[in-house]
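Please look over the sequence and the model before reading on.

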Amino acid sequence: MNEVGILFERGKLFLPHVMMAADAMTAGVNVLKDLMPEGASGSKLGVIVNGTVEGDVHDIGKAIVSTMLQSAGFEVYDIGRDVPIRNFIEKAKEVNADMIGISALMTTTLQGQKDVIELLKEEGLRDKVKVMVGGAPATQAWADKIGADCYAENASEAVVKAKELLV
Ligand code: B12
């Protein structure tokens, strides 16, 4: 996908090619998902709600993060892509989440990560629920600025950071 992204940026590939590659990648991830161990059964490390913010349909990376967290032993509720801000909070309440993971792949949707944190504060849940942010335009500096508990650059780092915060 990285290579496809570079060729897309250079005008060598076009949106239909990116969509085909994305479909292939999603199919591949689904095959791997079925083969991944579920983590230590009965001893969940924590409950995590993970989704891509409203206005953003990119979900390949977020799905990989969910799968890796699940394999590491977390109970993960992947709420999909283009998720309204309030739905993150509602789901977190419903499943009594320890952490919310928020993905954003566009500079225009990055603000959604801040909005989730603000709504968590309004609902009086900020002390109870940790927030992890990620996605290509997100950085550690951005995470610090919006008051997220952590930022991870990729799925394996997400597992390490989640363990640091929740275990
Ligand atoms: C595939 C793709 C698409 C696919 C998405 C399919 C899907 N189901 O996801 C399709 C074709 C649908 C698409 C559409 C669009 N796209 Co697009 N897309 C990409 C592309 C090429 C690859 C993204 C990807 O899947 N990478 C592979 C995965 C594995 O990596 P990742 O997503 O970065 O995830 C990793 C980390 O970021 C991190 N991570 C991700 N989420 C999370 C969450 C947490 C909690 C944590 C801790 C970590 C984490 O871990 C992941 C695994 O290691 C990128 C270019 C790029 N190089 O990123 C452009 C890109 C993101 N798209 C872009 C744009 C502009 C669009 C469109 C607006 C295009 C258009 N003109 O219509 C639309 C958006 C529509 C919308 N409203 O969302 C721009 C965004 C520019 C910007 N900076 O704002 C990019 C950067 C391309 C570009 N250079 O122009 N796109």
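Alanine 155 has a backbone N or O atom 3.3 Å from an oxygen atom of the ligand. This is a predicted model. The ligand takes up the space of the largest pocket. Its cobalt atom has a single donor from the protein, His58.

**Cobalt site**
- The donor atom is NE2 of His58, and it lies 2.2 Å from the cobalt.
- Histidine 58 belongs to the loop between strand 1 (47-52) and helix 3.

**Shell around the ligand**
- There are 36 residues around the ligand.
- Gly55, Val57, His58, Asp59 and Ser103 come nearest.
- By class, 19 residues of the shell are nonpolar, eleven are polar and six are charged.
- Helix 3 gives the largest share, with five residues.
- Several elements supply at least two shell residues each, including helix 1 (2-9), helix 2 (15-35) and helix 3 (60-72).
- Strand 3 (99-103), strand 4 (130-134) and helix 7 (155-166) also supply at least two residues each.

**Domains**
- The protein is divided into domain 1 (1-35) and domain 2 (42-166).
- Their centres, taken over C-alpha atoms, are 23 Å apart.
- Why does the ligand lie between domain 1 and domain 2?
- It does so because both domains give residues to the shell around it.

Key:
Residues are numbered from 1 along each chain as its sequence is written. This is a predicted model: local features need pLDDT of at least 70, side-chain atom pairs count only at pLDDT 80 or more; totals for chains, interfaces and linings use all residues. Side-chain values use heavy atoms; hydrogens and water are left out. A residue is near a molecule or strand if one of its heavy atoms lies within 4 Å of it. A polar contact is a pair of N or O atoms within 3.5 Å; within protein, one must be able to donate a hydrogen and the other to accept it, and residues adjacent in sequence count only if both atoms are side-chain atoms. On a 1 Å grid over the protein atoms alone, a cavity is a set of points where a 1.4 Å probe fits but cannot get out, and a pocket is an open set with protein on both sides within 12 Å along at least five of seven lines; lining residues have an atom within 4 Å of a point. A molecule sits in a cavity or pocket if more than half of its atoms lie within 2 Å of its grid points. Helices (H or I, at least four residues) and strands (E, at least two) are DSSP runs, numbered from the N terminus. Ala, Val, Leu, Ile, Met, Phe, Trp, Tyr, Cys and Pro count as nonpolar, Asp, Glu, Lys and Arg as charged, and the others, Gly among them, as polar. Domain bounds come from an automatic or database domain assignment. Donors are N, O and S atoms within 2.8 Å of the metal (3.2 Å for Na, K and Ca); water is not among the atoms, so sites may look incomplete.
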